[in-house]
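User: Could you walk me through this structure? I am new to this, so please take it slowly.

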Amino acid sequence: MDLPRTLKKDFGYDQFRPLQEEIIRDALAGRDVFALMPTGGGKSLCFQLPALLRSGLTIVVSPLISLMKDQVDALQTSGIAATFLNSALDRHEAVERLRRLNRGEYRLLYVAPERLMLDGFLERALNWNITQIAIDEAHCISEWGHDFRPEYRELKKLRRHLPDVPIMALTATATERVRKDIVDQLHLHNARCYVASFNRPNLTYRVVPKSSPYEQVLTLIRARPNESGIVYCASRKTADSLATKLNGDGVKAKPYHAGLESTDRAEHQEQFLRDDARVITATIAFGMGINKPNVRFVIHHDLPKNIESYYQETGRAGRDGLPSECVLLFSASDVVKQTRFIEEKSEKEQRIAREQLRQMVHYAETRECRRATLLRYFGEEFPAPCNGCDNCLEPRETFDGTVHAQKFLSCIYRIYEKQGFGFGLNHVVDVLAGAETEAIRQHDHNELSTYGVGKDVKRTAWLAIGRELLRLGLIAAAPGKFATLQQTEAGRAALRERKTITLTKPFDVETTKRSKKHRAGEIKCDEGLFEQLRVLRRQIADKRDVPAYVIFSDVALREMARAYPTTQAEFRRIPGVGEQKLRDFAEPFTAAVRDYLAINSHQLSISNQRS
């Protein structure tokens with residue numbers, strides 16, 4: 001079976017990405033498959049290509065209406081027979097699509113889980129010669145996942161209804177526990193499990209101290225003119241006010257959250273997908289399955305609840321493999337807000353949520369490689385430095401923090417010595433700072449020798465020192481609501497032996513700097529031609545009523561602006577140009593390149609001579 005030929009003919013690519021070919025061969029052999037591949041890793045191709053190489057229908061379970069339409073538009077533009085069924089269709093459209101399904105005219109059908117599991121729908125589907133079921137965003141089936149959806153639970157009945165149809169489960173984020181749960185819930189038989197690297201080399205990760213958040217967000221966006229991005233916010237109110245302010249400052253922005261009418265949400269998302277809105281300010285309600293490949297930045301205005309959510313949200317940047325930025329604005333007050341939310345949960349949920357928040361704060365405050373810290377959470381070791389995070393590109397200064405650490409460790413010891421039990425981080429800092437709180441008076445902690453010995457240091461700095469000592473393993477926090485602190489054996493040894501302890505200086509940067517180093521995924525090209533091709537792409541997309549990236553990705557346009565294709569044969573070599581796109585788009589794009597060269601050829605020949 002000539003897989004590379006089909007890959008080039010229908011999708012326009014010369015080679016597979018990691019694991020794609022192995023997954024496709026297993027699918028064609030009729031095996032159940034579990035595939036964990038990062039966002040932008042090419043999951044969709046794993047079920048789309050096999051659907052073209054066998055008779056029958058592949059059903060794709062997808063959670064979002066907008067994503068279904070998006071993927072079907074892209075497939076149809078490449079000449080592939082695909083459709084979707086959902087509540088957005090009127091009765092006439094739905095009946096016509098069902099009629100064509102009965103005639104076997106489609107290779108792929110996208111459908112939501114709740115519609116697929118209706119009894120009448122499954123009975124009808126038995127006539128469609130189903131040869132594969134692909135379940136996208138499969139982590140939604142697991143209660144251990146960060147994005148559990150009850151309607152996905154019904155999918156476990158698929159095996160009973162369609163016992164001989166192979167199932168492929170795909171996701172971009174799942175811990176080992178969630179992976180096992182997906183396989184168990186879907187009753188996958190001897191599933192071949194593929195786990196790709198979680199690393200997204202084209203993403204740069206940065207953490208910035210939050211001081212004037214709106215001004216910081218505006219500065220970050222203005223530094224990236226003509227680029228699309230998402231700003232994640234903790235509340236609907238923040239999402240709304242940010243969008244209003246950005247529009248007032250000339251940035252086309254739309255809010256997206258569960259408090260909006262569904263029609264407004266759909267309209268705002270569509271405007272973003274079509275580049276009519278440059279920025280979406282959103283709560284976590286936005287993003288799952290967003291297929292827009294040219295999101296160039298993701299800014300977190302507020303601290304996410306856990307690393308899994310953060311990884312998935314940042315993963316919406318740079319799906320096309322081109323360099324993209326992920327910036328987190330961080331402040332200690334965000335940690336306090338999250339802690340208050342946690343206190344409203346049950347005791348069991350609190351324990352889990354506190355540990356998740358601790359890991360998220362560790363990521364935000366670490367001076368280690370951020371990429372290595374992220375990947376370690378998913379059980380993957382990464383050799384630092386990555387040259388794609390602020391800590392590797394601009395390492396923060398350190399200082400001899402021995403005296404500060406000794407004061408902190410001594411304070412924990414004195415409190416424990418007096419009470420027989422420990423206290424939390426905030427209380428220890430209050431004692432060091434000489435605060436006059438009810439808890440300090442009640443326990444006579446103002447009589448301790450360490451009371452007030454840290455008055456010369458800001459309270460926020462003491463909190464940061466405490467968290468760093470936790471990271472260094474010199475103190476430990478007991479699990480539970482109060483997270484009381486105690487010295488570890490290493491901490492006692494450090495105090496006893498007066499060991500030198502190196503700490504990190506607080507942040508002193510207000511905005512992120514862009515690295516001048518070559519960045520992973522970067523394609524250097526003629527920027528003038530790239531901009532002209534972007535305009536042409538948009539005109540063609542508007543005529544076809546699809547998002548611009550459905551016609552060609554930014555990667556394809558950059559390759560055109562690098563190779564200057566002026567003939568069909570040259571245009572065919574551009575990645576993403578399959579047979580259908582060659583027929584439809586070779587003439588307008590090569591004509592645009594010829595026109596550009598006619599006007600700029602003299603200037604280009606001079607620059608080529610210089611280089």
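User: Let's begin with lysine 499: is it buried or exposed, or partly exposed?

Analyst: Lysine 499 is partly exposed, with a relative accessible area of 41%; here buried means under 20% relative accessible area, exposed means over 50%, and partly exposed lies in between, using a 1.4 Å probe and protein chains only. Please keep in mind that this is a predicted model, in which local features need pLDDT of at least 70 and side-chain atom pairs count only at pLDDT 80 or more, while totals for chains, interfaces and linings use all residues. Residues are numbered from 1 along each chain as its sequence is written, and side-chain values use heavy atoms, with hydrogens and water left out.

User: Ok, and which side chain does lysine 499 meet in a salt bridge?

Analyst: Its partner is glutamate 497, at 3.7 Å from N to O, where a salt bridge is a side-chain nitrogen of Lys or Arg within 4 Å of a carboxyl oxygen of Asp or Glu. Glutamate 497 also counts as partly exposed, at 48% relative accessibility.

User: How many salt bridges does the structure hold?

Analyst: The structure holds 42 salt bridges. One of them joins the side chains of arginine 296 and aspartate 554, at 3.7 Å from N to O. Arginine 296 lies in strand β12 (residues 295-300) and aspartate 554 in helix α26 (residues 554-563), so this pair ties together parts that are 258 residues apart in sequence; helices (H or I, at least four residues) and strands (E, at least two) are DSSP runs, numbered from the N terminus.

User: Are those two buried or exposed?

Analyst: Arginine 296 is buried, with a relative accessible area of 9%, and aspartate 554 is buried as well, at 7%.

User: Which residues are linked in a network of salt bridges?

Analyst: Such a network links Arg206, Arg224, Glu325 and Glu394.

User: New topic: at what angle do α20 and α22 pack?

Analyst: Helix α20 (residues 425-433) and helix α22 (residues 459-471) pack at an angle of about 130°, with their axes 10 Å apart. That makes α20 oblique to α22, because angles under 35 degrees count as roughly parallel, over 145 as roughly antiparallel, 65 to 115 as roughly perpendicular and the rest as oblique.

User: And which residues of α20 meet α22?

Analyst: Leu425, Asn426, Val429, Asp430 and Leu432 in α20 meet Arg459, Trp462, Leu463, Gly466 and Arg467 in α22, where contact means heavy atoms within 4.5 Å.

Terms used: Axes are lines fitted to C-alpha atoms, for helices over the stretch in contact, and angles run from 0 to 180 degrees between N-to-C directions.
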